[in-house]
Amino acid sequence: VTRLFKQAEIPDRFRWKFRSDFSAFAPDGHTPIVVEQKAKKALDLVSWVVGSDEEPQRGFLFHGTPGTGKTLLGSIILNELILHRARAGRFLNLSRKYFQKLRDTYSQDSEHYGRTWQIVDELCKIPYLVLDDFGVQRGTDWETEMLYDLVDARYGEQRFTMVTTNQTLDEIRELSGGRIFSRLTEMCYSVQMNGTDYRQYLRSD
């Protein structure tokens, strides 16, 4: 299991975080965050997903304002699945490494040269995947198409996928002529998360 956690590439801030680490209250311990009841229900679904004898197929689309625990919640579910099912998972931050890694596959000087579809295929086959910061890509046709290919591949294989995004559903709907949104709608439960920004609260102390 330790090997699986290392391979999952979960950021240090979120590695080894589990259900008990998600709070439905603001940092002062009193004011409830406007984390929708759907978010609280998502935590209950973790128990159902992890405890079920069947492999989970439908994931979660966590969307809403920054600092409301979307990445944390996605990481908690990923950690729980890896721990209890001992199967591979991956945390993929779309704003940093993914598209640059794909670009490198076109450079003969890169160790990833010529491996574009191998990288996509590997991510397609991983049982559990978190796509963090979804929709922050530059919006080029190439990036949008690469994003669509990944989502479409996981859709076809019915792989458990979680998405975190600060974008609205309408903004996601505009990507790739609605093709990405259409697949995510079937792949994921939509969980809206709005409310107090934890990061701003901590910076104000």
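Visitor: What makes a residue buried here?

Guide: Buried means under 20% relative accessible area, exposed over 50%, and partly exposed in between, with a 1.4 Å probe and protein chains only. This is a predicted model, where local features need pLDDT of at least 70 and side-chain atom pairs count only at pLDDT 80 or more, while totals for chains, interfaces and linings use all residues. Residues are numbered from 1 along each chain as its sequence is written, and side-chain values use heavy atoms, leaving out hydrogens and water.

Visitor: Which residues of helix α5 are buried?

Guide: In α5, residues 116-125, they are Thr116, Ile119, Val120, Leu123 and Cys124. A helix is a DSSP run of H or I, at least four residues; a strand is a run of E, at least two; both are numbered from the N terminus.

Visitor: What puts them on the same side of α5?

Guide: Their arc around the axis is only 140°, so they share one side of α5. The arc is taken from the directions from the helix axis to the C-beta atoms.

Visitor: Why are α6 and α8 called roughly parallel to each other?

Guide: Helices α6 (residues 141-157) and α8 (residues 179-187) pack at about 30°, with axes 10 Å apart. Angles under 35 degrees count as roughly parallel. Therefore α6 and α8 are roughly parallel to each other.

Visitor: Which residues make the contact?

Guide: Among them are Leu147, Tyr148 and Val151 of α6 and Ile180, Arg183 and Leu184 of α8. Contact means heavy atoms within 4.5 Å.

Visitor: How many of the chain's residues count as buried?

Guide: Of the 205 residues, 47%. The chain has nine helices and five strands.

Methods: Axes fitted to C-alpha atoms, helices over the stretch in contact; angles between N-to-C directions. Parallel < 35°, antiparallel > 145°, perpendicular 65-115°, else oblique.
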